[in-house]
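Please take the sequence and the model below together, and follow the paragraphs with both in view.

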Amino acid sequence: PSAILDVLADVEGLPSWSPVHKKVEVVDRFDDGKPHHVKMDVSILGINDEQVVEYTWSDTKVEWDLVEGSQQKSQHGEYNLTPTDKGTHVTFELTVDPKIPVPGFLVKKGTKTILEAATEGLRQQVVG
């Protein structure tokens, strides 16, 4: 879990492995150096969003919530890390409430893009 948390804590590196993230800037950090508030420019399916998220961290979990966004009313995301005999099992969850209605087929396509970045992109970054 610690190796995965190290990759997740390097939020400035997100654009290198997550095609959704275009620009990331840490606004402030916790005393241990982990990001607290982070400003991000994200783009998915041609929808661009400028957002600020607030992170919380533990030894086996990272969560974030939207503080402000240009295209979203709310967002909650989390990675839960469970040690196993073979390594670490990672569970990713993301809930987004857009400000404008989005057609269902776009939601499905966007969800697939986000999941691939959040899982396979993270896996390659940790292993690589």
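Leu 45 is partly exposed, with 37% relative accessible area (buried means under 20%, exposed over 50%, and partly exposed in between, with a 1.4 Å probe and protein chains only). Leu 45 sits in the loop between strand S2 (35–44) and strand S3 (47–57), and its phi is near 55°, a positive value in a residue other than glycine; strands are DSSP runs of E with at least two residues, and helices are runs of H or I with at least four, numbered from the N terminus.

This is a predicted model, in which local features need pLDDT of at least 70 and side-chain atom pairs count only at pLDDT 80 or more, while totals for chains, interfaces and linings use all residues. Residues are numbered from 1 along each chain as its sequence is written, and side-chain values use heavy atoms, with hydrogens and water left out.

Six salt bridges are counted, each being a side-chain nitrogen of Lys or Arg within 4 Å of a carboxyl oxygen of Asp or Glu. In one of them, Arg 29 pairs with Glu 12, with the closest N and O atoms 2.6 Å apart. This pair links distant parts of the chain, 17 residues apart, with Arg 29 in strand S1 (residues 21–29) and Glu 12 in the loop between H1 and helix H2 (14–17). Arg 29 is partly exposed at 41% relative accessible area, and Glu 12 is partly exposed at 37%.

Another salt bridge joins Lys 34 and Asp 32 (3.8 Å, N to O); here Lys 34 is partly exposed at 24% relative accessibility, whereas Asp 32 is exposed at 56% relative accessible area. Finally, Lys 61, Glu 63 and Glu 78 are linked in a network of salt bridges.
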